Amino acid sequence: MRWTGLPAKLWIVLFVMLPFLWLLLLSLQQNTYGNTSDALGLSQFGRALSPPYSGIIISSVVNSLIAALAVLLTAIPITWHISRQSRKRQNFWLAFFCIPLGINFVVRIYAWFVLIRPEGMLTQFLSAVGYASPLASSPAGVFISLYYGYLPLIILPLFSVFERLDQNQLDAATDLGASLFQRWSKIVLPEIIPGLIASFIFVFVPMLGEYLIPRMIGGGLVATLGTQIESQFLGSTRPNWPFGAALSVCLLSCAFLTIFIAVKVLSRRGTGQKSTWSLLQIH
């Protein structure tokens, strides 16, 4: 039985740990006028953590947090409603929300770009109702595109969380006179918080490193951590791989820190324990 986990361990070593170590080694190298030297140092991190890049890192983390929370708060009532339906209706609504996942992500974002460009349908409609600010090449357009692009990804994970709820507890609480707020605060939330945290990380981490949406929707005018990394590696004038690696390590550090905090929170809550709220307390 000890060999059953070997493929997963090899995958982690080959495609997670070794690339990260190579990236870390590259970030310690020096780059002068496009030439990488063998000397090691922390100058690339010093530049990455200094203005203006420090501000870009902070704004990327904050914007990703807000966008991920917006997606999560929108998906909660949707998936709750779906989980309360019959099996036939559940399959219909899940298929409806998962249809966009069958379309290439680039195609979906480009279709959204067509809608929000100056002559696009959505921009024209907003102008007609009094909103004259353009969405293309703006932080608002990038935020809306992140929201649109990642909302379908969170539906299935959240649905599996709500589907595992014990309906007998909810029915018993209702029979004993518990209000909707009591049922949610005492029964539902203690059960789904681990799933909410996992679903949040599921969309927050890719949002943090997203570069396609800021590049396409932001038009290169909205600087994010992902676009800065992409420009350092693929810049046509003077690419700087060590500095791009340093920015990548900063991005991975933010992602690892988020996951570490989530694991600590879940371990303290005891994710394997069921809600111990007594139904007599409702009564």
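Biologist: What makes up the lining of the second largest pocket: how many residues are nonpolar, polar and charged?

Modeller: In this predicted model, the lining divides into eleven nonpolar residues, six polar ones and one charged. Gly is counted among the polar residues.

Biologist: Which residues of that lining lie nearest the centre of the pocket?

Modeller: Of the 18 lining residues, Ser 59, Asn 63, Val 142, Leu 146 and Thr 224 lie nearest the centre. Two or more lining residues come from each of α3, α7 (139-163), α9 (180-208) and α11 (225-234). The most come from α3, which gives five. The volume of this pocket is about 230 Å³.

Biologist: Why is Ser 64 called buried?

Modeller: The relative accessible area of Ser 64 is 4%. Buried means under 20%, so a residue at 4% is buried. Ser 64 lies in helix α3, which spans residues 53-83.

Biologist: Which residues does Ser 64 touch, leaving out those up to four places away in sequence?

Modeller: Ser 64 touches Phe 204, Met 207 and Leu 208. A contact here requires heavy atoms within 4.5 Å.

Biologist: Why is Ser 137 called partly exposed?

Modeller: Ser 137 has a relative accessible area of 36%. Buried is under 20% and exposed is over 50%, so a value of 36% falls in between and Ser 137 counts as partly exposed. Ser 137 sits in the loop between α6 (121-128) and α7.

Biologist: How do you know that the peptide bond from Pro 51 to Pro 52 is cis or trans?

Modeller: Omega of this bond is near 0°, and the bond is cis. Most peptide bonds are trans. Pro 52 is placed in the loop between α2 (43-48) and α3.

Biologist: Which residues touch the most other members of the largest nonpolar core?

Modeller: They are Ile 154, Phe 162, Val 188 and Ile 192, in a core of 61 residues. Helix α9 gives the most to this core, with twelve residues. Nonpolar side chains tend to be buried together in soluble globular proteins.

Biologist: What does Ile 192 touch, again leaving out residues up to four places away in sequence?

Modeller: Ile 192 touches Val 161, Phe 162, Leu 165 and Trp 184.

Conventions
Residues are numbered from 1 along each chain as its sequence is written. This is a predicted model: local features need pLDDT of at least 70, side-chain atom pairs count only at pLDDT 80 or more; totals for chains, interfaces and linings use all residues. Side-chain values use heavy atoms; hydrogens and water are left out. Helices (H or I, at least four residues) and strands (E, at least two) are DSSP runs, numbered from the N terminus. Buried means under 20% relative accessible area, exposed over 50%, partly exposed in between (1.4 Å probe, protein chains only). On a 1 Å grid over the protein atoms alone, a cavity is a set of points where a 1.4 Å probe fits but cannot get out, and a pocket is an open set with protein on both sides within 12 Å along at least five of seven lines; lining residues have an atom within 4 Å of a point. Grid points are joined across faces, edges and corners, and a volume is the space filled by probe spheres set on the points. A nonpolar core is a set of buried Ala, Val, Leu, Ile, Met, Phe, Trp, Tyr and Cys residues joined through side-chain atoms within 4.5 Å.
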